[in-house]
Amino acid sequence: MGEGRWRRFASIGWRSIAVWAVSTVTMLVLAGILPDFKLQSDNGDSATRIGVTAALGAGAFAVLSVLVWPLLVRALLLVPALVLGLVVFFLNGGLLLFALAIVPDGRGEANPETAVVVAAVMSAVASATGGALAVRDDDAYRRRLYRLADRRRRRGRAGAGPSTPCTVFLQLDGVGHDVLRDAVNQDVMPTVAAWLGAGTHRLTPWRTDWSSQTGASQLGILHGSNYDVPAFRWYEKDTREVQVSNRPTSAAELQRRAIEHTGDGGLLTLDGASRGNLFSGGAEQVALVLSVAARRGKENRSRAGYFAYFSDPANAVRTALSFVAEVGREIGQSTRARLTRQRPRVGRGGLYPFIRAFATVVERDVVVAAVVGDMLAGRSAVYADLVAYDEVAHHSGPVSRDAEKVLARLDRSLALIAKVAEHAPRRYRIVVLSDHGQSPGETFRARYGLGLQDLVRAGCGLPVPRRARRTLPQALGFARAGETPTGAEARSAVRAALRRPVEEGGEKHRPASRRSEPIVLASGNLGLVSFPDVPHRMSKEEIDARHPALLTTLANHPGIGFLLVRSDEHGAVVLGARGAEIPLADLDERPGPLADFGAHAADAVRRTDSFPHTADIMVNSWYDPTEGEVLAFEEQIGSHGGLGGAQGHPFLLAPAAFSPPVAEGAELVGAQQVHHVLRRWLREGCGPQVPLDKFRHEPAPDASFTPATVTPQDESA
């Protein structure tokens, strides 16, 4: 055996002994502190015998963690991912109880509740000790990375990989261009700042479509088409179904349509991996991807990444502790926001602290570990989505202190991936991008006391909830001075909402049935109104005939920016306050209500109007161009999904070695154009993409996927 191998064995040996010793001491300390945990017989033992019992118990616990834990985690694939972090504690406690039971003479004893605490503390201390020793030994860290890479190549990728450079695409969900730039200037994200300062990377803004949300943007980026995706959620009259972008069945259907529309498998069809995304991008290796989660049986690998990550007990305990810490952090931050009466503010109780912890800790740790594993395996293209910022910014605000801390932790994840790239078997280029930004502002309901659905029902002459009825006179009493038609129709809407008849030509207009009631859906500050009993897209004239006050009520409301409807006389038109009605063909000369939304708003509206499943009425909220604020129709103080402000301005941060994304002076517009840029960059490194027919079928099971045991930093503090 060579000297180098002996040195490696010696390094591993002394670190293992050190971790065992620390675990033994930890067990002794806990036995002295906790009344329900003991390491001696009822008659008492010598200090030496107690020490031997602690050493045996710590050793047995470590061996069981290595041998039994992977089997337990595989069974956990049946457990909802949201509670996976909490279940880890109880399983770890069960392993400790079993370890104590097999100690000779039965001297180890603990109550189940105490065993959970002891096991968590021991695992955390052992993990921290092992990590500290490895970090302090740079040579050991480097050898470990090489060893992991060699193991993966032997497992499923025999032979040397191609010498061409590979690409990792890291999507920071919801981080706008200006937010990233400010974080760099304020040294919140030093890794990104170092890349830009050294000139190794180029920062480029790009502009989303009208539907500024992950479903539309990521579908366009990964599959080259987001045609007929008008919003995050929408009603389809032909199927009588509501499509929701983050619902597995909807994601699978949207991916199928995109492939059919483009005739192409996606961005990742050449030796690619998709991690934590809504869509696969045509990748062979898929984990934590929503579009494959709807499938049942062995082919469903939506949880494969969780098993691969949590099969390491150190990973499980570290992430579980960070999960609990994040729950506490959110409760503390939301309590502070209430006590200081921060405005705007939304409710953050119930399950939200756990949802936030899952997004900011569990999902991040699993996805980062998966990316590290892909890099060490030498995959040609990897695309991963980190959703932490988007989740926090929705409830705390896009420029809040809470969101800023999440950006700092995401930057550390980027630093880890960049460090791994230095040791990967192939050269990697790291591209960081976002799918949309977020625009601040209070909610529509908070400002006016009623939601968009209440307003639509009022305009249709339908009853509204009592809580909204009190605010309707103020919300709808915005008629200009004088007896104008607008004033009469607004007052008619109030009468209807108060369950009084709406008088139109001496007749009372009532909906024929519940099925004729409108379906109102919200996607950030974009609202969609559909009438399910009419099989086609209703025209303005048809809507006016059925509900004479509806369009005027919506268009004149101060919280509404503009409407898009289709007219029999003029084609598609944009409606605004004071009777503004402008055909789409005339928007370039007369932007009307679109003036505040920017020069490219008209093109975005025209494109959405061409979709087969555009709603009968598309509603975009008010927008303040001075403050950049919108009014979300959902309970979010940082929102995206429509037009207005930073939500439509994400970023693309790429190595300067790539060709410029667009010509000088040109603008990068739309997720589909971003797809073409990323595909061009892949060709620059890897050559032409593999033909589509190889990827017409669903991806094969990712049997070789194993994330690296190099884990994200501990953020429990």
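Helices here are DSSP runs of H or I with at least four residues, strands are runs of E with at least two, and both are numbered from the N terminus. This is a predicted model, in which local features need pLDDT of at least 70 and side-chain atom pairs count only at pLDDT 80 or more, while totals for chains, interfaces and linings use all residues. Residue numbers start from 1 along each chain as its sequence is written, and side-chain values use heavy atoms, with hydrogens and water left out.

**View 1. The whole chain, before zooming in.**
The chain holds 24 helices and 24 strands. Of its 717 residues, 56% count as buried; that word means under 20% relative accessible area, with exposed being over 50% and partly exposed in between (1.4 Å probe, protein chains only). The accessible surface comes to about 29,500 Å², and carbon and sulfur atoms own 55% of that. Areas are Shrake-Rupley values with a 1.4 Å probe, and for residues only the protein chains shown count as cover. A contact is heavy atoms within 4.5 Å. Take the contacts between residues at least 6 apart in sequence, and 73% of them join residues at least 24 apart.

**View 2. Helix α17 and what comes after it.**
α17 runs over residues 452-459 and is mostly covered, with seven of its eight residues buried. Those residues are Leu452, Asp454, Leu455, Val456, Arg457, Ala458 and Gly459. After the helix comes Gly461, with a positive phi near 80°. Cys460 is also buried, at 3% relative accessibility.

**View 3. Cysteines without a bridge.**
How many disulfides are there? The count is zero, taking a disulfide as a pair of cysteine sulfur atoms within 2.5 Å. Cys166 is a buried cysteine, with a relative accessible area of 0%.

Gln647 sits in the loop between β22 (638-639) and β23 (651-655). Buried or exposed, this glutamine? Gln647 counts as buried, since its relative accessibility is 0%. Leaving out residues up to four places away in sequence, Gln647 touches Thr208, Ser212, His436, Gly437, Gln438, Ser439, Asn525, Val630, Ser639, His640, Gly641 and Gly642.

A pair of aromatic rings is described by the distance of the centres and the angle of the planes. Rings of Phe, Tyr and Trp (its six-membered ring) pair if their centres lie within 6.5 Å; planes under 30 degrees apart are stacked, those over 60 are edge-to-face and the rest are tilted. Searching the whole structure turns up nine aromatic pairs. Phe323 and Phe354 have ring centres 6.4 Å apart and planes at 35°, so this pair is tilted. Phe323 belongs to helix α12 (residues 313-339) and Phe354 to helix α13 (residues 352-377), so the pair ties together parts 31 residues apart in sequence. Phe323 is buried at 1% relative accessible area, whereas Phe354 is partly exposed at 29%. The pair of Phe562 and Phe597 is edge-to-face, at 5.2 Å centre to centre with 85° between the planes. Phe562 lies in strand β16 (residues 560-567) and Phe597 in the loop between β18 (581-583) and α23 (601-609), so this pair ties together parts 35 residues apart in sequence. Both partners are under cover: Phe562 is buried at 0% relative accessibility, and Phe597 is buried at 12%. Ring pairs also link Phe562 and Phe597 with Trp210 and Tyr623 into a cluster.

**View 4. A charge over a ring.**
Arg447 lies over the face of Trp622, 4.9 Å from the ring centre. The rule asks for NZ of Lys or CZ of Arg within 6 Å of the ring centre and within 35 degrees of the ring normal.

Arg343 and Pro344 are joined by a cis peptide bond, with omega about -5°. Pro344 is in the loop between α12 and α13. Arg240 is not a glycine, yet its phi is positive, near 55°. Arg240 lies in the loop between β5 (233-236) and β6 (241-244), and counts as exposed at 58% relative accessibility. Asp271 also has a positive phi, about 50°, without being a glycine. Its place is the loop between α10 (248-262) and β7 (272-275).

**View 5. Val289 beside Ser274.**
Val289 is found in the loop between β8 (285-287) and α11 (304-310). Val289 is buried, with 1% relative accessible area. Its C-alpha atom is 7.0 Å from that of Ser274, 15 residues away along the chain.
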